[in-house]
Amino acid sequence: MTTRKESAGGAGSPPESRYRLDVHHGGAAYEDALAADALTGLTGPVKSLPPKYFYDADGSALFDRITTLPEYYLTRTEERIVKAMASRWMAEIRPAELVELGAGTCAKIRWLMDARNGASAPQRLLFLPFDVDARTMDGAVRGLLRDYAFLAVHGIIGDFQRDLSRVPAPGARRLAVFFGSTLGNLHPNERARVLQDLRGILRSGDCFLLGVDLVKDTGTLEAAYNDSAGVTAAFNRNILAVLNRHLGSDFDQAAYAHEAFYDRERSRIEMHLRPMTPQEVHIPRLGGLTVTVTPDETIWTESSYKFTREGVGEMLSAAGLPLVDWQTDTDGMFAMALARRD
């Protein structure tokens, strides 16, 4: 583990004195994990890559563009729900610590910070953002520290499927947040493990706020992942650029078509990359492995599961995080689930 910056000072101190960043998943550790996941995924019966590797600095920037697209309803719908409810939630929970999984650019956490403190009541707040990309987090946190004098930040760079135990134990009432339906990128057994790990960084009575995309008509779902501007396609192909940069592979991004479709039986969007002509890819970091990908197969890069209230309630209860509030938009497109650790 490396510590990039140390936090000391209280509210009103210079930003640098209120900021600590612990890196558990950078450099060699990141590349070792990527190599292991790529070897498993690209040599299996169905070729795949985990979606967490989308989010280097370029991928994060592309995803930010996706959230503004007309077809991508998720972010603007989530924003409406959270902004409508934030003041009530923050008044009821009164957190002194906020943990955000998959914090990215930290734009969404501002909705809660504004509701929790505000200019008239600058109570100290500890923010613990958790993300895989240090460069994106560093820039985002600097902006937060400039804008919120009451804020101290302890950032954690890690993989939320492996490193949640690295989050410091609660020192006060804590609210953990997972925006954007990112939990839906995991298969059911993976979600269960992450939720158990999440429960471990909360004390009894602490809360967890989860964004979930809801089951709806196929046309709306598929349009959200096949935008007319092609930004999602570029985002999907960027995972190949990540492998090229870190593993020395020679994927030709332009040779792969983006595909996204809804599997109604499994209630999930699937994203794939399909080569338009046969591709032979060399990956030096994997012992010189050569992978052949033909047009009749794909590289599966993401699943995005869609939920119902009943399913979310059962999932959270099984993890010892019973549901205490459920808020949706008027059209039933998206939901925010608030749970409390038992």
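Asn185 is in contact (heavy atoms within 4.5 Å) with Pro51, Glu302, Ser303 and Ser304, leaving aside its neighbours within four places in sequence. The residue lies in the loop between β6 (174-178) and α6 (188-199), where helices (H or I, at least four residues) and strands (E, at least two) are DSSP runs numbered from the N terminus. With a relative accessible area of 13%, Asn185 is buried; buried denotes under 20% relative accessible area, exposed over 50%, and partly exposed the range in between, with a 1.4 Å probe and protein chains only. The model is predicted, so that local features need pLDDT of at least 70 and side-chain atom pairs count only at pLDDT 80 or more, while totals for chains, interfaces and linings use all residues. Residues are numbered from 1 along each chain as its sequence is written, and side-chain values use heavy atoms, with hydrogens and water left out.

Ser181 is also found in the loop between β6 and α6. This residue has a positive phi of about 65° although it is not a glycine, and at 3% relative accessibility it counts as buried. A positive phi, near 50°, is likewise found for Arg94, a residue other than glycine. Arg94 is placed in the loop between α3 and β3 and, at 48% relative accessibility, counts as partly exposed.

Strand β3 (residues 97-101) pairs with β4 in the parallel sense over 5 bridges, two strands being taken as paired if DSSP finds at least two bridges between them. The bridge partner of Leu101 in β4 is Phe130. Strand β4 (residues 125-131) is also joined to strand β5 (residues 151-157) by 5 bridges, and the two strands run parallel. Asp131 has Ile157 as its bridge partner in β5. Of the 7 residues of β4, 7 are buried. Both faces of the strand are covered, with Leu125, Phe127, Pro129 and Asp131 buried on one side and Leu126, Leu128 and Phe130 buried on the other.

The largest nonpolar core has 79 residues, of which Ile109, Leu112 and Leu175 touch the most other members. A nonpolar core is here a set of buried Ala, Val, Leu, Ile, Met, Phe, Trp, Tyr and Cys residues joined through side-chain atoms within 4.5 Å. Helix α3 (residues 74-93) supplies the largest share of this core, 8 residues. Not counting residues up to four places away in sequence, Ile109 touches Leu98, Glu100, Phe127, Leu144, Val177 and Phe179. A second, separate core comprises 34 residues, among them Leu198, Leu210, Leu321 and Ala337. In soluble globular proteins, nonpolar side chains tend to be buried together.

The second largest pocket has a volume of about 310 Å³. On a 1 Å grid over the protein atoms alone, a pocket is an open set of points with protein on both sides within 12 Å along at least five of seven lines, and lining residues have an atom within 4 Å of a point. Grid points are joined across faces, edges and corners, and the volume is the space filled by probe spheres set on the points. Of the 18 residues that line this pocket, Tyr30, Val132, Asp133, Ala134 and His246 are the closest to its centre. Two or more lining residues are given by each of α1 (27-42), α2 (57-66), α5 (134-147) and α8 (231-247), and α1 gives the most, with 3 residues. By class, the lining has 6 nonpolar, 4 polar and 8 charged residues; Ala, Val, Leu, Ile, Met, Phe, Trp, Tyr, Cys and Pro count as nonpolar, Asp, Glu, Lys and Arg as charged, and the others, Gly among them, as polar. In α2, the buried residues are Ala57, Gly59, Ser60, Leu62 and Ile66, and these pack against α5 and α8.

Ala318 belongs to helix α9 (residues 309-318) and is exposed, with a relative accessible area of 61%. Its C-alpha atom is separated by 29 Å from that of Trp300, 18 residues apart along the chain. Strands β13 (residues 323-328) and β14 (residues 334-340) pair in the antiparallel sense over 5 bridges, and the partner of Gln327 in β14 is Met336. The two strands form a hairpin with 5 residues between them, and Gly332 in the turn has a positive phi of about 65°.

How values were computed
1 Å grid on protein atoms, 1.4 Å probe; cavity = no way out; pocket = protein on both sides within 12 Å on 5 of 7 lines; lining within 4 Å.
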